[in-house]
Amino acid sequence: MAAAEPQIPTSQSNISYSVSTSRYGSIVCYNQTNQIVGGNGRQSAYAIEAALPYLVMQLLVSNLGYGLMYSLTRPLHLPPFVAQILCGLFFSPTLLGRNSIVLEKFFPYRYRMVTETFATLALVYNMFLLGLGMDLRMIRIKEVKPMVIAIVGLVVALLAGAGLYYLPGNGDPDTILAGCLYWSVALSCTNFPDLARILADLKLLRSDTGRTAMSASIVTDLCTWVLLVLGNASFNKEGIRNDLMPCALVSTIAFVFFCIYVINPGVDWAFAHTVKGGHVGETHVWFTLIGVVFCALITDAFGVHSITGAFLFGLSIPHDHIIRNMIEEKLHDFLSGFLMPLFYIICGFRLDLDYLLHNTSVRVFVFVISSCFVVKILSTVICSLFLRMPLRDGFAVGALMNTKGTMALVILNIGRDSKALDVILYTHMTFAFLVMSIVVQPLLTFTYTPPKKSTLYKYRTVQKLKGEVEFRVLTCVHVLSNVPGITNLLHVSNPTKQSPLDIYAIHLVELTGRTTASLLIMHDESKPKVNFSDRVRAESEQIAELFEGMEVNNDAVSVQTLTAVSPYATMHEDICTVAEDKRVSLILLPYHKNLTPDGRLGEGNYGHAGVNQNVLSKAPCSVGILVDRGMTIVRSESSSVHGETTKKEIAMLFVGGRDDREALAYAWRMVGQEMVKLTVVRFIPGRDALVSAGKLDFEYVKEAQVDEECIYEFNFKTMNDSSVTCLEKVVNNGKEVIEAIREMEDNHSYDLYIVGRRYKVETPVTAGLTTDWSSSQDLGTIGDTLASLTFTMHASVLVIQQYSAANRQTSENHQEHVNEAKMNSHEEEDDEDEQYQKGMRK
């Protein structure tokens, strides 16, 4: 109980220290006279002047330490919480915490309270952001599984934590009830933001497992807060039972109702009457930040810790207001990268692995950590048996419920401050959290594969959409500027009541370290509808409104919008999953290069380019890439002259092959509208091209026959349509193709070109193009030619790739995809054989 080591005298700046060790950490004694007495007697000014250089140095060192740990753990796909604990461990007494240079130059004992003050302030704002990013509307009370898993897991973890706390050999036998409460609550909590990021990395956000885990996590978090408030009210700062507990609880409950019925509507009213033109000023943000401190002071006065008020104030901010995004932008980087590392350093100072191992056996140490990790998995697996969930889903949810974060460290530190937890118990549980956080994501990566729904649908291509069949399209946009071109393209896609247009619009957002958990939540049926005119819209909501505007006064169009947040490297998985779930026939993607004011294509975003390439290789349906060079600008000479209807001039260039037939099918769908005039130009190989090509292989002959059947059918069914013009141009090589396209653009300006991708496919018509022309991998040779500045300054280009099960099969790794690819491949071959036989008969 007393000091376990003899006094260790040190000297710093004429101040002598006496340091001893106890079960509650280091006990430091020093003479404060030399610190506070200055030459003119102004004590406070002298103290601030002396502490400021050390504070700046501490901020620098802590940021460098956390940045280093984050850089080392990020390539391993470990959550940021691992880097946070390792940063603290790096400065613990086990490693650098007892180094004389660290103690004298960076973290002297006499200024430790200054460091803790700023760390606490950072923690208050961090808890505010935690409440700000939590959407209580995700709690689905009607769903039994999340509620049962959360409540059972919480109760079992509390009981197991109590058992481990009183386990013989686990620290000093002199324990108190307050320590048991903090230890058990810390074990039972689940960190929602880190869990959401893990689900995003594992592509489980849209799965039943992901939704169950997130809902259960929010319920667990709220129960954890209730238990923490109850613990803070029940015990004072010395860990002794608080006689004023009823007053503290009543005051806290009253503050909760104050937040619900006063702060929430008050903030909503203030923003509604002060925000002008959709612009939120800096004043709104600063008043909000002041409100955080004000609420924190209120709950601290109630005796339930300042973080409680900050968290409740974050929950009180209207969830659909743009002020949330502005506060996130201003606070996140400053907190996570500048102030919060001080909190991790403070946590590290309280860790002492040597003292733990000196007083606890390795067997008990390993047993406690293993038990902490297994308890929630077992409870969830048992629940899954009663809830009729697959065992592997129960295992996955149980492992996810072990996700820990800053909240767990906060609970331990509150217990440590009140001496309810000593060094052994504090260190023990912190290392348990470290092991859990390291193991969860790799464990799920290697042991859990989400069940793949067998999605077999016929209309994977536009070419198969014949008759009265709905046309399902998945559109993807990265930024707001991608929307007008795609929506205008969809407008001319001829939606009718006989063949309606179903649009699934995804706003693609890159998952970065600063992405909030609330942004990871998708727009779906569970999200309440909000009146767009009553709030300031964020970019994602503006994109959703622009797409949903297509439904206005058009019964043939239906729109569903959602937001997908992923790293660029795996974003295509989200796109392909949604496309397969919704059974779409076409995925529309924006080209990664945007139009500059001078009419050129800019450098573009190579992350977007990688997404496009991955989708092209793994899409479950046909894919179109739009090079938007002014789809909203009508350049046709027939536009609005003497009240005539404005028409869009569209040209479809047909060379031959699977992709060109798909492009023709999409262009054909546009026919029949008064606003569309279509010109189909077919390039036919001349005698010289056939002679130079020599003996043609069977595959080319077969493709040519299918092309012939497709063109014949198109010409026959549109020969009486005045809005359709069919041309044929004989060419002998790729150079003549380019010259013919250039001549077309010189003689007639088109608004849109539609071509097949035909990447690395050479025929007698395109001989030489694949080697002489540096084509874009996304667009193919013809598409890249049209998109270049030398051909057209204004015409947009749509490049289409037809779905091919045989090509997709080479990029799939799972056997179920291979089997499906074989089935679809046989089906496509049968269709093409039928078309081939028709062509031969003709």
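User: What share of the contacts in the protein chain with a separation of 6 or more comes from residues 24 or more positions apart?

Analyst: Contact here means heavy atoms within 4.5 Å, and residues 24 or more positions apart account for 78% of the contacts in the protein chain with a separation of 6 or more. This is a predicted model, in which local features need pLDDT of at least 70 and side-chain atom pairs count only at pLDDT 80 or more, while totals for chains, interfaces and linings use all residues. Residues are numbered from 1 along each chain as its sequence is written, and side-chain values use heavy atoms, with hydrogens and water left out.

User: How many helices and strands does the protein chain have, and what percentage of its residues is buried?

Analyst: Helices (H or I, at least four residues) and strands (E, at least two) are DSSP runs, numbered from the N terminus, and the protein chain has 31 helices and 13 strands. Buried means under 20% relative accessible area, exposed over 50%, and partly exposed in between, with a 1.4 Å probe and protein chains only; buried residues make up 54% of the 842 residues.

User: How many of the residues of helix α8 are buried?

Analyst: In helix α8 (residues 192–201), 9 of the 10 residues are buried, so the helix is largely enclosed by the rest of the structure. Among these buried residues are Phe 192, Asp 194, Arg 197 and Leu 199. Just after α8, Lys 203 takes a positive phi of about 60°.

User: At what angle do α19 and α21 pack, and how far apart are their axes?

Analyst: Axes are lines fitted to C-alpha atoms, for helices over the stretch in contact, and angles run from 0 to 180 degrees between N-to-C directions. Helix α19 (residues 483–491) and helix α21 (residues 539–548) pack at about 15°, with axes 10 Å apart. That makes α19 roughly parallel to α21, given that angles under 35 degrees count as roughly parallel, over 145 as roughly antiparallel, 65 to 115 as roughly perpendicular and the rest as oblique.

User: Which residues of α19 and α21 meet?

Analyst: Val 483, Ile 486, Thr 487 and Leu 490 in α19 meet Ile 543, Leu 546 and Phe 547 in α21. The residues of this contact divide into 6 nonpolar, 1 polar and no charged, where Ala, Val, Leu, Ile, Met, Phe, Trp, Tyr, Cys and Pro count as nonpolar, Asp, Glu, Lys and Arg as charged, and the others, Gly among them, as polar. As a general idea, an α-helix has 3.6 residues a turn, so residues three or four places apart point the same way.

User: At what angle do α6 and α9 pack, and how do their contact residues divide?

Analyst: Helix α6 (residues 144–165) and helix α9 (residues 208–234) pack at an angle of about 45°, with their axes 8 Å apart, and they are therefore oblique to each other. The residues of the contact of α6 with α9 divide into 10 nonpolar, 4 polar and 1 charged.
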